[in-house]
Each structure stands twice: as structure tokens, then as C-alpha cells.
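Subject: Structure handover

Hello,

Here is the structure I promised to pass on. Please open it first, then read my notes below.

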Amino acid sequence: MADASELIVGIDLGTTNSLVGAMDAGFPILLADAAGQRLTPSVVYFPPPGEDGGPVVGREAATRRESRPERTVYSVKRLMGTRSGETDTSDLPYAVGGAAGGPARVRIDGRDRAPEEISALVLGKLRVDAERALGVPVRRAVVTVPAYFNDAQRQATKAAAELAGLQVERILNEPTAAALAYGLDRLDDRSKIAVYDLGGGTFDISILELDAGLFRVLSTNGNTRLGGDDIDTAFAACLGGKIGGNTRAAASLRAAARDLKTQLTDAEFATIQPIDSVHLGVRRGELETVARPIVEKTRAHCLRALADARLSPGELDAVILVGGATRMPLVRALVAEIFGREPDTSQNPDEAVALGATIQAGILSGAVRDVVLLDITPLSLGIETFGGLSNVIIPRNTTIPTKAGEMFTNAVAGQRTVRIHVVQGEREKAADNWTLGDFALDFVAGPRGSARVGVQFEIDADGILHVLARDTKTGAERVVRMQSAVDVSDEKVEQMISESVEHAFEDYHARLLVETRLKSAEMLPAVRHALELAGGALPEDERARIAALAADVEAAMAGDDLDRLKAANAALDAGTQDLATILMEQAMDEALERRGVV
């Protein structure tokens, strides 16, 4: 075991359960608590005033979900980095609020607590358990997050770890971690695998390639609000219908739903202790009827991930299952149907992510060698440009960390400030994408097109975006770290790719229309200026004809008929050939006169 200064633990901070591991003699080992349990429920119980002790974390807290549901906080991972009212919390028995438009908060005993504050208690328990098992202080960690966590959610996760006394060495995507754990010693070189991760609160699908120790993410997709918890909620409602209106509390039904779901993984029929004197017996088919619409939602994400990776199911070498919900026969059957092959079930789906985080920790500490992990950005990143279009700086599925930039200029004469509107998404118009940030950079005023402003995007290893804007003339610059991506709902991110496909034709039409209007906007002032320069050298009838063509362009610009505008631009361009000839002859005469030739 490495000494305390070199030691880095791997942590899977899960919606339902969390785990911690460390490298030992070159092998990833998951660490157990004092009771010998590796899985720690991500649950915190807050005792009422007067009750001895502080917050209770883990398995003991989970036992209070039925008796004191309003004081027992679970699935708080869904609230990390979100704003009040942004996440559906109708199925949670504890109070969730916060100021309008402000960060989401959990309210107990009149006190608002940040989700990261509660997650810090879970992480703190994992740190204490690790220190007890290892016999040395634990201060550094790799922490996993769902692949579709946005910047605000990643920052909140990092903040939670820091509150727990941990320095975060790397934020690692969960499917990538699982593939790392599986691929280290199971796959041959040059292999492509799919990681299907259906956890308690989130779903991720990633396609990865392993080649001689190099892990590369080819594509990723998912839904941050889809998981086993949704099955529990729907199944609990079904059970409520079976026992009528005699239930003690919703928490009792959720506990019964979880218990029955676990039993029905291996059995066709299951029973539990009576609820309000009502005996419950359920067949697996009843559970699958309720669960099927929820599980079926993962299909579209899988197909998109395959399309983005430019692979057919038959080109995959393996399909890996991660997350407790993948134990369900229904889920495994659906995965086999989607990918045309039986999924690999040799892994413990609850532990794969934590093992991967532990291996990544070993890579960073030097305990594991000859393995390189390359992650990707799931959506394109860019800025808004002339006409409201989105100009992509870093395309989606670019391997990170990465850095890219472009040079931009001023759109109008005398402009003193450029607005840098940073967006994420696949739509052609910036307004249809997801706003990550908005700031301004001052520069020296000048004619149109005279300014030179460089914009550089840099994504670090944790997937955090830093944007630099610099006036190349003065050297003035601003560097902004994108702090929040919660101004737009997670659903918009998850639907972005499908919307870009759905609206591909109209988006392409919109881009062409904007670009054609910009061409028109450049032509018209140039034509008017040319008419002034030509003076009496241009016959009046020719002047009137050109003015009419320009009027046609202006009229077409006011509408949305792309073909009409293109035709009007082409007509004006062709109709000003004689004018251009006159101006060229005038320029030549003036040049000869200056040289004394004439």
C-alpha cells in the first residue's frame, strides 16, 4: 500500500449506493466499513432537535426511510448543481426548495442545506471507512459522475468532496470508469465495447475503444433523470392500487417495491410482509409491465450512441452492464435485443464504477502503468456569431483535455465591445442551443472588420470549460471559467442531439438564409457607394435599373424565401458588372494620372 502522501482513493458517489477503493499490490480493492459492507447507501438521516447525536449516514440512515421519511435524505445526487424547481421532486418525502431561480436546497427543521453539503456527509463516511481500513490518512480522491453531468453538477460534486476533506484529483465519467475496470485485464487489444449503465437515478450509454492500453470514448449519451428509482416509484404506485387506500405511508410502499423488485430478479413470484394487514404477492410479469416503459426509454439513447460512434451493433466486441437496475431480467433482455448479443454479466454491476475509479486513482498515483484514459465532450461547444448563428469551436465527441480557438472581428464600424456568448449544442442557431456563459471584451474602435479578437476554448481533464478572449492589438483579455450550465434544463441537453436530427433540414435552411442575408447586407452598401463614385459616368437608365435590383434585394431580405433572396443577390451581382467596369477604368485613369502618364 502507498504511503499517505501518494495514496489516492477511488470513489463512486452513487445516487443509491456509494463505494470507495484503493490500489493494493497492483490490484484495485474495494474497502468495507466496520460492519464488513462495501456498499454504503447514499442516505443521510437528520435526527430531530433533542435526539442525541448528529446526522446518521449509510445503512443505519436507510432504515429510517420508512419510519421518518421527512428527515431521511436520499437520491440527493439528482439535486446536485441544479436550481430550485428545476428537478421533479414530487416523489421525495422530504422538503426541497430554495429561493426562486437559486440553487436547490433540502429543508429540514427550518434550515436549508445544499445538496453538496449532504453528499459531503456520505463522502466523509467513505473517507473515515477508508482510513480505518488502510490505517493511514486519506486526503486525495478520484470521484465519478454521470457522463451527462453538466459543469455545475461536476463543480457541486467537487465541492462536496472538498467539504469532506478530500482533494479531487480527477472527476471521472461513470461509464468510462466501468470500462476501465473491465478492460484492464479482460479484453484483447483493439476492442470496442458498449457500457450500459442504469443506476438508481441516472442512465448512461458509452461506446469506447481499447487499443494497447489506450482507452478512448467514441460516443456517449444518456438521461440524468432516468434510473431504478423511477421503477421503484412506478412499482410502488402499482402496489398501492393492489392494497387500496389502507397504506400507512408512501415510504412503506417504496420499501416494499424495492424488496419485491430484488426478489423478482431471481424468482418468478415473490411475497413480502403484510402492509396494513394486506398480504402482497407479485409475479415478475407484473413488475415488468410497470418497468418496461421506463426501461424502453434507454433504447433511443443506445441507438444514438452507436450512430455517433459510426458503429453497428455487430462491430462491438462486448456489452457491459453497470448499475443495480441491470440485474433485472427485463433490462438484460432489452440490452440483448438492442445490441444483438448477450451482455456480459460477469461483473458485479454495483461495483464496476468504483473499481474503475480506483484504477484511475492508481494511474494518477503511478501504481498502475501503461494505461491511458481519454474522455470526450458530449456536445459541441461554440459561440454566437453574426446573425445569431452558432460557430462551433470544439465539436462534440472531441477527446479531452483539449484546446481550440478562432479569430473573430467587429460586425459594425465604431464597435467598442464584443459579446462572447458561449453555447453548447448541435443546433445551427445559437438561440436553440444551451447557454453556458455570456461576457464582454472591450477593444479599440475602428472600421468594420478591423478588430482582431481571438477566442480560445480549453476543456480540462475534469470536463470544465475555460474561455479566453483577447484583443490582439492591445493584449487586453478575459479568462472566464463557465461556472453554471443550469439556466437550461437537463432535458434540453438530453434532447439536443435528437432535436438536431429532427430539425436538421430547417436548421440548415435557417443558416443558409442568415448567411445569404449577411451577403446581401454587405452588397447593398457597397453598391450604393459604387453608384456615388461612378457619378455621371453611369447613364441614368442604368442607375435606375441597378437601384431597382437593389430594391428587390431589400424586399427579399425582409422575407424568408431563400431562393428568392439568392436570385435577387445573383441578379444584383450580375447587374452591376458594367458599374464595376466603370469604377475600374476610373481607378486606372487616376493611377496613370498620378504617375504623369496622362
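Gly 21 has Leu 30 as its bridge partner in β3. That contact belongs to the pairing of β2 with strand β3 (residues 27–30), which is antiparallel and spans four bridges. The two strands form a hairpin with two residues between them. Ala 25 sits in the turn and has a positive phi of about 55°. Please keep in mind that this is a predicted model.

Strand β1 (residues 9–12) is joined to β2 by three bridges, and the two run antiparallel. Asp 12 has Leu 19 as its bridge partner in β2. A hairpin of four residues links β1 to β2. Strand β4 (residues 40–41) also pairs with β2, over two bridges and again in the antiparallel sense. There, Asn 17 stands opposite Pro 41 of β4.

Is β2 enclosed or open? Strand β2 covers residues 17–24, and six of its eight residues are buried, so the strand is largely enclosed by the rest of the structure.

Next, a separate sheet. Three strands make up an open sheet, in the order β6-β5-β7, with antiparallel pairing. Its edge strands are β6 (56–57) and β7 (72–73), and each of them pairs on one side only. Strand β5 (residues 44–45) is joined to β7 by two bridges, and these strands run antiparallel. Val 44 has Val 73 in β7 as its bridge partner.

Now to a loop. Leu 166 lies between α3 (151–163) and β12 (167–173). Is Leu 166 buried or exposed? Its relative accessibility is 3%, and buried means under 20%, so Leu 166 counts as buried. How far apart are Leu 166 and Val 143? They are 23 residues apart in sequence, and 9.9 Å apart in space, C-alpha to C-alpha.

Last, the surface. Which residues form a negative patch there? Glu 585, Asp 589, Glu 590 and Glu 593 do. Glu 585 is part of helix α14, which covers residues 577–594. Its relative accessible area is 47%. Partly exposed is the range between under 20% (buried) and over 50% (exposed), so Glu 585 counts as partly exposed.

That is the handover.

Best wishes

Note on methods: Residues are numbered from 1 along each chain as its sequence is written. This is a predicted model: local features need pLDDT of at least 70, side-chain atom pairs count only at pLDDT 80 or more; totals for chains, interfaces and linings use all residues. Side-chain values use heavy atoms; hydrogens and water are left out. Patches are made of residues with over 30% relative accessible area and no salt bridge: like charges are joined within 9 Å, nonpolar side chains (Val, Leu, Ile, Met, Phe, Trp, Tyr) within 5 Å. Accessible areas come from the Shrake-Rupley method with a 1.4 Å probe; for residues, only the protein chains shown count as cover. A salt bridge is a side-chain nitrogen of Lys or Arg within 4 Å of a carboxyl oxygen of Asp or Glu. Lys and Arg count as positive and Asp and Glu as negative; His and the chain ends are not counted. The place of a charge is taken as NZ of Lys, CZ of Arg, CG of Asp or CD of Glu. Buried means under 20% relative accessible area, exposed over 50%, partly exposed in between (1.4 Å probe, protein chains only). Two strands pair if DSSP finds at least two bridges between them.
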